[in-house]
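Colleague: I am new to reading structures. Could you take me through the features of one model and say how each is defined?

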Amino acid sequence: MSPRLLSLLLAAPLMLGAQIPQTAPGAQQAAPSGAPSSIARIIVSPVQRVMHAGDTLRLTAEARDASNKVIPGVQFRFSGAGARFEGSVDASGLVTSGSTGTMPVAVVAILPGEQPKVERIEVRMVPGPAARIAITPAPAKLAPGQRIRLTAEVYSKLQDRRADKVTWRSSNSAVVSVSDVGLVRAVAAGKATISASVGNVQQTLAVEVAATPVATLAVTPAVSNARTGDVIRFKAVAKDAAGREIAGLTPVWSFNPGQGLIDAEGAFVGYQPGDYTVTASFGNTTAEAVVSLTPRDVRRPLTVMGRLPRMRFTTEEVWLHPTEKVAYLGSGSGGDVLYVIDITDPAAPFVTDSLVSNTRRVNDVMTTPDGKFLVHTREGASDRKNGVVFASLEDPRHPKVVAEFTEGVAGGVHSSFIFKDPKHGQHVFLTNNGTGALHVVNIDDPSKPREVAQWKTENRPDAGRSLHDIDVQDGLLYGSWWNDGLVILDVGNGMKGGTPSKPVMVSQFKYDLNALYRDVEASGGPGFIRGTHTAWRHKNYVFIADEVFPASGPKGAKDAAAMRAYGQLQVVDVTDIEKPKSVAFYEPEFGGVHNVWVAGDSLYIGAYNGGFRVFDVSGELRGDLRAQGREIGHLNTADMDGVVKNAAMTWGVVVKDGLAYVNDMLNGLWIVRIEPKTTVVP
Amino acid sequence: MIRTALGLLLVTTGLGAQSAPGPAAAPPTRDYVAYVVSEAVDQIAVIRFGPEGAKVERTVPVGISITDPDGPHGVSVAPDGRFYYVSTAHGIPGGDLWKFDARTHEPLAKATLGYFPATAQVSPDGWFAYVVNFNLYGEMETSSVSVVETGEMLEIARIPTCTMPHGSRLDPTGRRHYSVCMMDEELVEIDTREFKVARHFFLTAGKEMGMTGAPPVRVAGGEHAGHDMGGHGLTPPAPGDIGCSPTWAQPSVDGQRVWVACNKSSELVEIDVASWSLVRRLPAGPGVYNLAFTHDGARVVATNKRGQSVSIFDARSGKELARIPTTRRVTHGVAITSDDRYAFVSNEGIGSEMSTVDIIDLATRTRVATVEVGQQAGGIDVRR
């Protein structure tokens with residue numbers, strides 16, 4: 001946390017809502033003194049400023065005086081005034097579109113000795129021509145009389161979604177009819193092709209209508225007793241009059257009453273205890289299954305076993321030694337200290353030593369798997385050689401610095417992750433604060449670190465590239481690449497031929513952050529902070545958490561009222577790791593999601609203002625984790641002993657031996673035990 | 001930072017035993033206001049110095065990110081004093097130039113620039129700001145100077161110059177802009193009418209040479225890729241190293257000369273603008289870093305980054321008239337009041353040390369006041 005957070009919380013009169021968005025059109029401030037401009041207006045050509053995403057457009061300008069005469073000798077400079085992630089304009093007026101959107105462009109007319117004159121225009125960047133149509137769902141076989149709604153999504157060559165109205169046709173309406181909004185009806189046995197078209201672009205779907213009508217339909221399991229949050233996978237079994245199963249049919253699924261969801265594959269999850277009826281239908285033929293859900297009943301009491309408040313600086317990352325009862329705790333907001341804490345008695349943690357470095361932030365710390373060394377990051381070094389520091393843990397309670405690594409990462413390292421495998425050795429993976437690149441450093445001998453690779457997201461402008469956090473498991477790296485979402489790299493797993501010295505892209509899960517957090521922009525204005533912040537692989541899921549802060553707090557608000565975090569955690573199914581798919585989520589009612597830790601069937605979250613939270617992530621995950629009662633416990637990590645009184649800013653957690661070591665930026669270290677479930681006696 | 005955040009305005013005329021007001025120093029008869037930015041704590045300190053002493057009048061947070069440092073580095077006050085501009089080095093990944101209302105201290109607008117925007121200066125007419133994109137990140141490659149139209153905060157040019165451009169100063173007419181290349185041993189002159197590099201000058205001792213046009217472009221992965229930058233002016237040169245490693249270019253008040261601080265060799269280099277040739281090399285303090293001329297053109301004040309001091313030079317003779325200790329290590333920036341009475345000097349300190357601003361009486365050549373400010377204080381300017 002920058003000290004501005006403290007300023008926001010502590011020094012209300014100083015709180016400016018300091019973050020401001022880009023200059024709003026027409027927001028010119030009072031002009032400096034000097035000769036006024038003789039330019040009355042600037043005319044920009046072309047008048048129709050619409051271009052396809054991925055294309056270029058040349059803008060030109062001329063200046064006219066009050067008599068509408070062209071003024072000679074004017075120098076025009078074009079400048080992008082927003083949408084810098086979507087495109088660019090050079091000073092000569094060449095607009096290059098990287099994606100769809102609206103690019104505000106400012107034209108500055110300069111005459112020597114006169115105040116510059118500014119004209120603002122907008123260039124609309126629209127999707128290119130239709131190139132592809134995707135039909136969902138894509139049933140291959142329908143039962144006679146079945147009705148099902150198809151959706152057609154139209155994309156450009158650059159995969160930008162278009163809003164075209166699709167023309168639906170059936171090759172044989174006597175077999176399958178389709179309405180102009182995609183509602184399909186299986187009329188009679190046979191084969192037909194459904195087509196969705198826009199201009200010359202067409203997508204077809206071959207559909208067979210079964211010769212045999214569905215005589216009986218059953219949904220299995222017919223009766224289910226489960227808990228909220230449990231995923232029940234239903235199957236619809238259709239049979240003909242002879243009792244033979246008709247294979248390959250795709251039913252339409254629905255349920256009522258209550259809250260939950262069911263997907264096209266029949267996976268159901270309910271959020272509230274009670275009775276649900278799940279229905280599969282093939283036209284007029286329907287069948288039901290009944291579900292009774294009991295409360296998930298995972299709530300457990302928490303006990304604060306120990307506290308170690310930190311007052312001098314804000315508190316940053318916590319890490320535990322793998323074999324000794326020692327914790328390491330970073331500092332920020334001008335902090336140059338890594339605290340070494342004896343946690344032999346969790347009720348009485350105490351500082352045994354500290355490692356002071358030339359830094360103003362120790363944001364991240366981690367030990368090697370054998371516990372012989374640690375690495376910590378640096379930001380704000382006075383000699384501007386940031387990078388990372390390696391220390392020997394020969395005595396874990398008294399680390400000794402053995403090396404630094406700054407080459408190429410002098411601008412600062414925010415996060416680091418150590419991974420060792422027998423084939424490739426031991427490496428630390430670093431984030432480059434400046435370039436948004438991944439740096440891979442071999443530390444087989446931590447006293448002699450050497451870089452073996454760099455990697456960064458490509459096919460995008462440099463602007464907006466930022467790597468925030470790294471997780472490596474089984475030779476696969478899960479990078480939280482902010483605007484670029486979750487990026488999975490092979491760094492030694494071998495599935496794509498990757499090694500630490502040659503990372504290879506496996507897949508990317510990118511999502512629309514602006515759409516996801518449009519309410520944050522609505523309340524705090526544009527230019528807000530949002531990005532994929534952290535990732536953690538567990539079983540077939542990757543838990544990713546976003547960091548989101550509004551551009552400004554409510555007007556007139558001060559202290560804790562002036563600032564809050566937002567953010568959502570998503571559960572990404574990587575069963576098919578080349579096609580990551582978001583299947584579940586958690587969003588706190590108040591606060592955000594920062595760092596996560598998963599152990600066993602529990603997900604531990606530092607939720608910024610939302611405190612420390614623990615969730616049950618047992619079984620299959622679908623939908624809204626909070627709504628379905630998966631929260632095990634919550635602790636507001638705020639007391640009067642912190643650097644800010646009674647305000648939580650929970651950073652993260654490390655879990656070991658049944659204890660959660662929770663670090664709070666404003667309050668220091670908390671050691672928390674999740675107690676066994678209590679029995680409620682009516 | 002916590003102290004300032006708590007509203008405890010530090011009113012100091014010294015720091016304990018370090019306080020050493022010169023006996024001959026008369027107190028100021030009017031108020032002076034200076035702005036200093038603290039890179040590690042995202043903070044602008046507004047310092048008032050007058051008959052009542054020196055104090056941090058207020059602090060102003062700057063930046064976008066709540067949880068990560070934005071790194072304010074450079075500050076420049078508009079000639080009419082109505083606005084001040086602050087560069088923030090860290091971004092995603094480009095940094096920004098912010099415009100603040102000097103009366104309310106409200107941020108008004110910002111423009112996104114290149115990698116690690118650092119020193120900034122507003123043109124004499126107030127219409128443009130010139131900011132060097134220092135680019136501390138990654139491999140050594142040619143970076144740039146950004147030109148920002150200050151009315152609506154629009155970056156109208158990003159002029160390629162050299163590797164790690166440092167310092168940003170305009171001549172009195174605003175027609176020429178000067179910066180230096182910390183890794184290329186060069187001084188670069190920009191024609192501000194054309195927004196192009198007009199000339200450059202090679203600074204290494206014995207190899208001085210003025211040339212027209214821009215320096216050669218350096219690309220990542222080239223000969224000097226990954227070149228160590230000498231601890232950003234904190235590391236003394238190795239034996240036999242005659243490099244300059246320039247960190248500042250300061251045009252004289254008549255615009256006829258440019259003085260360059262050779263941080264590595266601890267020298268000052270004076271260059272004649274008309275002939276674009278070397279005038280002289282002068283010995284300077286250890287790790288000479290930033291420079292400022294008095295407005296009468298008679299004195300040059302230089303910060304000594306490795307020497308924890310400031311030096312005052314006679315501009316005509318080149319003689320070092322005084323070397324005054326400062327109150328913290330890593331002495332950084334200097335700005336001189338319009339009446340030439342005082343120099344405000346920022347001292348970064350190291351690690352969690354609070355930074356300081358020392359106020360030097362230029363007549364008595366003594367330190368007359370000191371205030372503590374947030375860590376890693378760098379850019380500094382005074383309101384005229």
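**Reading the model**

Modeller: Arg161(A) is partly exposed, with a relative accessible area of 47%. The general idea is a scale: buried means under 20% relative accessible area, exposed means over 50%, and partly exposed lies in between (1.4 Å probe, protein chains only). This is a predicted model, in which local features need pLDDT of at least 70 and side-chain atom pairs count only at pLDDT 80 or more, while totals for chains, interfaces and linings use all residues. Residues are numbered from 1 along each chain as its sequence is written, chains are lettered from A and ligands numbered from 1 in the order in which they are written, and side-chain values use heavy atoms, with hydrogens and water left out.

Colleague: With which residue does Glu153(A) form a salt bridge?

Modeller: A salt bridge is a side-chain nitrogen of Lys or Arg within 4 Å of a carboxyl oxygen of Asp or Glu. Here Glu153(A) pairs with Arg161(A), and their closest N and O atoms are 3.7 Å apart. Glu153(A) is partly exposed at 22%. Over all chains, the whole structure holds 45 salt bridges.

Colleague: Where in chain A do Lys539(A) and Asp601(A) lie?

Modeller: Both sit in loops, that is, between strands. Helices (H or I, at least four residues) and strands (E, at least two) are DSSP runs, numbered from the N terminus. The side chains of Lys539(A) and Asp601(A) form a salt bridge with an N to O distance of 3.2 Å. Lys539(A) is in the loop between β46 (529–538) and β47 (541–549) of chain A, and Asp601(A) is in the loop between β50 (596–599) and β51 (602–606), so the pair ties together parts 62 residues apart in sequence. Lys539(A) is exposed at 52%, whereas Asp601(A) is partly exposed at 36%.

Colleague: Which strands of chain B hold Asp272(B) and Arg257(B)?

Modeller: Asp272(B) and Arg257(B) meet in a salt bridge of 3.2 Å, N to O. Asp272(B) is in strand β20 (residues 267–272) and Arg257(B) in strand β19 (residues 257–262) of chain B, so to speak distant parts of the chain, 15 residues apart. Asp272(B) is buried at 16%, and Arg257(B) is partly exposed at 29%. Salt bridges can also share partners: Arg227(A), Asp230(A), Arg296(A), Asp616(A) and Arg630(A) are joined in this way into one network.

Colleague: How many residues of strand β2 (residues 32–38) of chain B are buried?

Modeller: In β2(B), 7 of its 7 residues are buried. On one side these are Tyr32(B), Ala34(B), Val36(B) and Ser38(B), and on the other Val33(B), Tyr35(B) and Val37(B).

Colleague: Which strands pair with β2(B)?

Modeller: Two strands pair if DSSP finds at least two bridges between them. β2(B) runs antiparallel to strand β3 (residues 43–50) of chain B, joined by 7 bridges. One bridge partner in β3(B) is Phe49(B), which partners Tyr32(B). The two strands form a hairpin with 4 residues between them, and Asp42(B) in the turn has a positive phi of about 50°. β2(B) also pairs with strand β30 (residues 377–382) of chain B, antiparallel, over 4 bridges. There Ala34(B) stands opposite Val382(B).

Colleague: Which backbone nitrogens does the side chain of Asp361(B) reach?

Modeller: The side chain of Asp361(B) reaches the backbone nitrogen of Ala363(B) at 2.8 Å and that of Thr364(B) at 3.1 Å. Asp361(B) lies in strand β28 (residues 355–361) of chain B and is buried at 2%. For contact, the rule is heavy atoms within 4.5 Å. Leaving out residues up to four places away in sequence, Asp361(B) touches residues including Ala25(B), Arg341(B) and Val368(B).

Colleague: What does Val198(A) touch?

Modeller: Again leaving out residues up to four places away in sequence, Val198(A) touches Ala130(A), Ile133(A), Val154(A), Asp164(A), Lys165(A) and Val166(A). Val198(A) is in strand β18 (residues 190–198) of chain A and is buried at 12%.

Colleague: How many helices and strands are there in chain A?

Modeller: Chain A has 3 helices and 57 strands. Of its 682 residues, 59% count as buried. Its C-alpha trace spans about 85 × 80 × 55 Å along the principal axes.

Methods. Polar contact = N/O pair within 3.5 Å; in protein donor to acceptor, adjacent residues only side chain to side chain.
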